[in-house]
Amino acid sequence: MTKREYIRSVLNIFAKSPFRPLHMHAIKAGDAVRKLNEEISAYFACDMATVIKLNNEIDALEHEADVIKQTIRSELSSSIMLPVHADDLLNFLKPQDSISDECQDAAYWLTLRNCNVPKEIEEGFRELMSRTLETVEMYELLVNTLSELLESSFGKKDVHDTLELVTKVEEMEHRVDIIEKNLMKKIFEKGDLLGDGDVYYFVELAKNIGRIADRTESAADRLRTMILRR
């Protein structure tokens, strides 16, 4: 599908509901993080050909997310009747878009250095990636719920259930933050074995992955603000 055709397909969805493209955009971010999870596994298997292939696929998903973001921004005008403030919706879209951006950065970072990882650090990265993916997938559920909420009458129970999901995303991001800090401690403890170059590389990789969860939590927080300010 060409970029023009893809934009047209997003516009058709937008015409039916200005909120469904938000969910599409979140799914693109989730797909990118799922690809990154595969790329991490390929990296630890020293399968650099697959690492590069998955990096390219993540680049493509990030580009598709950008197209959806640009379409939402261009089509969202004051003439559209919205149950929330348009500025709040756009402010929510920005950190959501950063999820795929951070994922793209981590994916590219994996292509820069061949694998040479102590087992203990590998296990730490797998846990960090797994928990990050769980956070993003909980966020996908949240945005799907939001789409349904915005198209409904904002029933009190529906709002409560949506805000509960925001809290879950925040709790999961906090767990990711703890895992990230513990992993960085292990990396520095292995400094003599790794060497300065590898210590820097793996610390930055841990930060890159951790920022995915950070951006996810930020988007969830903006989503809560949008609902409460409606």
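Visitor: Why is Cys46 called partly exposed?
Guide: Its relative accessible area is 47%. Buried means under 20%, exposed over 50%, and partly exposed whatever lies in between, using a 1.4 Å probe and protein chains only, so Cys46 falls in the middle class. A word on the ground rules: this is a predicted model, in which local features need pLDDT of at least 70, side-chain atom pairs count only at pLDDT 80 or more, and totals for chains, interfaces and linings use all residues. Residues are numbered from 1 along each chain as its sequence is written, and side-chain values use heavy atoms, with hydrogens and water left out.

Visitor: What is the phi of Cys46, and where does this residue lie?
Guide: Cys46 has a positive phi of about 60°, although it is not a glycine. The residue lies in the loop between helix 2 (20-44) and helix 3.

Visitor: How many helices and strands does the chain have?
Guide: There are 8 helices and 0 strands. Helices are DSSP runs of H or I with at least four residues, strands are E runs of at least two, and numbering starts from the N terminus. Along the sequence, the pattern reads α-α-α-α-α-α-α-α. Of the 230 residues, 50% count as buried.

Visitor: Why is helix 3 called roughly antiparallel to helix 4?
Guide: Helix 3 (residues 48-75) and helix 4 (residues 86-110) pack at about 165°, with axes 9 Å apart. That angle makes the two roughly antiparallel. Helix 3 also passes helix 4 in a left-handed crossing. Left-handed means the near helix is turned anticlockwise from the far one by less than a right angle; clockwise would be right-handed.

Visitor: How do you know that helix 4 is roughly antiparallel to helix 8?
Guide: The axes of helix 4 and helix 8 (residues 196-228) come within 8 Å and cross at roughly 165°. Helix 4 is therefore roughly antiparallel to helix 8. This crossing is left-handed as well, and the contact residues divide into 16 nonpolar, 6 polar and 7 charged.

Visitor: What makes Asn208 count as buried?
Guide: Asn208, found in helix 8, has 6% relative accessibility, so it is classed as buried. Setting aside neighbours within four places in sequence, Asn208 is in contact with Glu102, Asp105, Ala106 and Trp109. Contact means heavy atoms within 4.5 Å.

Visitor: And why is Thr135 called buried?
Guide: Thr135 sits in helix 5 (residues 119-150). Its relative accessibility is 0%, so it counts as buried. Not counting residues up to four places away in sequence, Thr135 touches Val169, Met172, Glu173, Val176 and Thr216.

Methods: Axes fitted to C-alpha atoms, helices over the stretch in contact; angles between N-to-C directions. Parallel < 35°, antiparallel > 145°, perpendicular 65-115°, else oblique. Nonpolar A, V, L, I, M, F, W, Y, C, P; charged D, E, K, R; others polar.
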